[in-house]
Amino acid sequence: MVIIMNPEATSQNIDEVIKAINSVGLEAKIMEGAQQKIVGVIGDKTKLASVAIDALPGVESSVAISKSYKLASREFHPQSSVIDVSGVKIGGSEPVIMAGPCAVESREQLLKSAKIVAEGGAQFLRGGAYKPRTSPYSFQGLEVEGLKYLAEAREVTGLKIVTEVTTVEGIEPVAEYADMLQIGARNMQNFGLLKEVGKCKRPVLLKRGLAATIDEWLNAAEYIMNAGNPDVVLCERGIRTYETYTRNTLDLSAVAAVKHLSHLPIIVDPSHGTGKWRMVKPMALAAIAAGADGLMMEMHPNPARALSDGSQSLTPEHYRSIMSGIKKLATFLREENLIGLDE
Ligand code: PEP
Ligand code: MN
């Protein structure tokens with residue numbers, strides 16, 4: 001439930017509302033709306049039956065939230081959130097680009113990649129140091145050594161670092177070296193891990209599960225937010241369907257759906273979403289046109305030699321060409337006022 005205060009409500013009125021909510025064992029969260037304050041109620045709203053909230057001074061109305069997730073919902077937080085990751089704002093007027101190899105393979109490979117990524121204009125370097133591979137015999141990642149190379153690449157280029165965390169024990173080292181923690185598709189419903197990254201101070205990039213509905217995905221975001229971390233960015237990366245030509249089916253309609261249902265920023269990963277480097281450019285441009293707040297793309301200095309996901313990795317040349325296209329498209333969309341949903 002959210003309680004909408006009228007624009008003239010005093011801070012004393014708000015305190016009384018919070019006291020009434022707390023008196024039945026529920027938690028209150030205050031949000032600043034454009035015109036008025038909103039008080040969100042967390043917990044079992046049936047407990048509020050004994051309190052006449054609507055009758056309290058300063059209360060304009062109360063609205064039940066129909067969704068199982070609350071903190072992540074737009075009903076609860078009508079304004080779109082902008083998530084600040086070490087000074088880079090995700091969800092603002094500029095699309096934010098994260099690019100880099102699937103995995104950190106060596107110091108040389110990573111520093112070379114970082115230079116290309118930075119020169120192309122992206123803000124983030126991606127690269128897995130812990131790789132959740134389908135086969136236990138595939139390259140599993142360089143772990144802490146890989147994290148150190150990522151941190152060195154940040155020193156050299158100024159790029160922010162986003163990298164995956166796959167276990168609870170991995171949170172501390174990844175948070176020490178990275179600017180943003182990535183929860184991969186395979187862990188989207190690893191609730192123990194979600195609760196622990198919720199206690200962490202670093203922003204989280206939450207990828208959509210391999211076969212997750214949008215509702216399940218937003219509930220996964222809710223786990224992180226409910227544990228105390230409000231800085232969640234969603235990432236659509238394709239879902240399993242009956243189609244086999246592509247690695248996954250990139251669900252670009254999820255961008256529009258999430259924009260309606262949630263205030264959280266959403267970016268798109270056309271690399272894992274298609275599994276084919278040729279499809280990355282059209283899907284990247286389509287994602288921006290659909291209103292995505294950014295992109296995550298795999299780029300390798302030599303995709304043919306990549307230890308993972310070479311077939312979906314861009315060459316440096318293709319990466320540069322996509323970056324220039326994105327820039328032009330984003331400017332056009334902004335100038336023509338073509339972004340956003342009609343309400
Ligand atoms: C990745 O980004 O490296 C990755 C493993 O992606 P996903 O979790 O979306 O499969
Ligand atoms: Mn990959």
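Modeller: A definition comes before the metal site. Donors are N, O and S atoms within 2.8 Å of the metal, or within 3.2 Å for Na, K and Ca; water is not among the atoms, so a site may look incomplete. This is a predicted model, in which local features need pLDDT of at least 70 and side-chain atom pairs count only at pLDDT 80 or more, while totals for chains, interfaces and linings use all residues. Residues are numbered from 1 along each chain as its sequence is written, chains are lettered from A and ligands numbered from 1 in the order in which they are written, and side-chain values use heavy atoms, with hydrogens and water left out.

Now the site. Four residues coordinate the manganese ion (ligand 2): Cys-102 through SG, His-272 through NE2, Glu-298 through OE and Asp-309 through OD. The distances run from 2.0 to 2.4 Å. Along the sequence, these donor residues follow the spacing C-x169-H-x25-E-x10-D. His-272 sits in helix α8 (residues 270-274) and Asp-309 in the loop between β14 (294-298) and α10 (316-335), so this pair ties together parts that are 37 residues apart in sequence. Helices (H or I, at least four residues) and strands (E, at least two) are DSSP runs, numbered from the N terminus.

Next, exposure. Buried means under 20% relative accessible area, exposed over 50%, and partly exposed in between, with a 1.4 Å probe and protein chains only. His-272 is buried, at 9%. Asp-309 is buried too, at 19%. Its backbone deserves a look: phi of Asp-309 is near 55°, a positive value in a residue other than glycine. Gln-312 also belongs to the loop between β14 and α10. At 1% relative accessibility, Gln-312 is buried. From Gln-312 to Ser-93, the C-alpha distance is 28 Å, across 219 residues of sequence.

A residue counts as near a molecule or strand if one of its heavy atoms lies within 4 Å of it. Around ligand 1 are Arg-126, Lys-131, Glu-164, Gln-182, Gly-184, Ala-185, Arg-186, Lys-207, Arg-237, His-272 and Glu-298. His-272 and Glu-298 are in that list, and they are also donors to the manganese ion.

Polar contacts come next. A polar contact is a pair of N or O atoms within 3.5 Å; within protein, one must be able to donate a hydrogen and the other to accept it, and residues adjacent in sequence count only if both atoms are side-chain atoms. Lys-131 places a side-chain N or O atom 2.9 Å from an oxygen atom of ligand 1. Gln-182 has a polar side-chain atom 2.9 Å from an oxygen atom of ligand 1. Ala-185 uses its backbone instead, with an N or O atom 2.7 Å from a ligand 1 oxygen. Ligand 1 has 300 Å² of accessible area on its own, and the protein covers 96% of it. Accessible areas come from the Shrake-Rupley method with a 1.4 Å probe; for residues, only the protein chains shown count as cover.

Thr-274 and Arg-247 are 27 residues apart along the chain, with their C-alpha atoms separated by 5.3 Å. Arg-247 is in the loop between β12 (232-236) and α7 (253-261). Arg-247 is partly exposed, at 36% relative accessible area.

A nonpolar core is a set of buried Ala, Val, Leu, Ile, Met, Phe, Trp, Tyr and Cys residues joined through side-chain atoms within 4.5 Å. The largest one has 75 residues, and Leu-125, Leu-206, Trp-217, Leu-234, Leu-295, Met-297 and Tyr-319 have the most contacts inside it. Helix α6 (residues 214-226) gives the most to this core, with seven residues. Domain 1 and domain 2 each supply at least three residues to the core. A second, separate core has 15 residues, including Ala-9, Ile-14, Ile-21 and Val-41.

Key: Domain bounds come from an automatic or database domain assignment.
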